[in-house]
Amino acid sequence: MAACSLAGRNTDSTMFFLTRPTKHRSWICCFLLAVFLTSPPVSAKLDSLREVTDGTWEEILTGEWMIEFYAPWCPACQQLQTVWKEFADWGEDMGVNIAKVDVTEQPGLSGRFIITSLPTIYHCKDGVFRKYQGARTKDDFLSFVDEQKWKAVEPISSWFGPSSVLMNSMSALFKLSMFIRRCHNYMTEQLGIPVWGSYIIFGLATLFSGLALGLLLVFIADFAFPSRRFSSSDYYQKKQTMEQARLIQRQEDEHEADGEEDDDEDDDEEDEDEVWRRRRRGSPEGRPEPKAKGFSDEALRKRVVGNREEEDEDEDN
């Protein structure tokens, strides 16, 4: 009897649950369905390979990073992608951020890091960059980070670091070149402009931009370093005074030159007179003139005496 009564009691409770209103059961089913849909799968794993762009590259200046620069069209880069993803799965365990950069989409980073070959791998530790030169296998990547082999690699100079002024300029230059290339492709492919027409447009744009930049620099120089004629009210008066002083100095120099010429002429005249006197007395050395043929000694003596008397008369006069 007891067993029967227990069975009858269980049957009554079951019948009560089945006969409850369906409204409560619908709410329970909706709640369980929402929990099932919002909960992530147990086997799912977040992607540990990060993408670095021109806007987020400063994140690599803190912490430890391994960064691959690649291009989708590069065969060597395509072969490395599988190994690099496997290496990225170990990044969280080692405390290293694994990232990649598509140089075709991020030309600024290509210029900032001076990427000349693909693929290129960099190791960064708290803003200090080193270029990886080892083998490109997962085990080599793991040992390079885990055993700190990067300490044996010479770091890049601060002058060529990605955050330096020089590399910022290189980044801007690469961005400009990519912008010009896109404009060229747009004009030739979308607008139907011939290639030579595109070159002419860019040439004229370069010419006018250079002229505008030159005028801007001239205006800035005039504003920063104004001319003296505008900075002083008596500029013209000072200028005239200086010109008058130069003119007076020039006239004095000319007078001195004329006086020296007169002195030279006087000296020349005195020299000529002295030579003439010597010739009248005899030879230039003061010796008597040689005897002329056909004259006797008496005639020569009278001639010399006459010359001396004439010289004495000239001196008296």
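Guide: What follows takes a helix, a sheet and some aromatic rings in turn. This is a predicted model, in which local features need pLDDT of at least 70 and side-chain atom pairs count only at pLDDT 80 or more, while totals for chains, interfaces and linings use all residues. Residues are numbered from 1 along each chain as its sequence is written, and side-chain values use heavy atoms, with hydrogens and water left out.

Visitor: What makes S1 and S3 a pair of strands?

Guide: Two strands pair if DSSP finds at least two bridges between them; S1 and strand S3 (residues 97–102) have three bridges, in the parallel sense, so they pair. Arg50 stands opposite Ala99 in S3. The open sheet has five strands in the order S1-S3-S2-S4-S5, with mixed pairing.

Visitor: Why are S1 and S5 called edge strands?

Guide: Strand S1 (49–51) and strand S5 (128–131) each pair on one side only.

Visitor: Why is Phe69 called buried?

Guide: Buried means under 20% relative accessible area, exposed over 50%, and partly exposed in between, with a 1.4 Å probe and protein chains only. Phe69 has a relative accessible area of 1%, so Phe69 is buried. Phe113, at 6% relative accessibility, also counts as buried.

Visitor: What makes Phe69 and Phe113 a tilted pair?

Guide: Rings of Phe, Tyr and Trp (its six-membered ring) pair if their centres lie within 6.5 Å, and planes under 30 degrees apart count as stacked, over 60 as edge-to-face and the rest as tilted. For Phe69 and Phe113 the centres are 5.0 Å apart with 50° between the planes, so the rings pair and the pair is tilted. This pair links distant parts of the chain, with Phe69 in strand S2 and Phe113 in the loop between H5 and S4, 44 residues apart.

Visitor: Why is the pair of Phe113 and Tyr122 called tilted?

Guide: Their ring centres are 5.4 Å apart and their planes are at 55°, so this pair is tilted as well. Tyr122 is buried, with a relative accessible area of 6%.

Note on methods. Helices (H or I, at least four residues) and strands (E, at least two) are DSSP runs, numbered from the N terminus.
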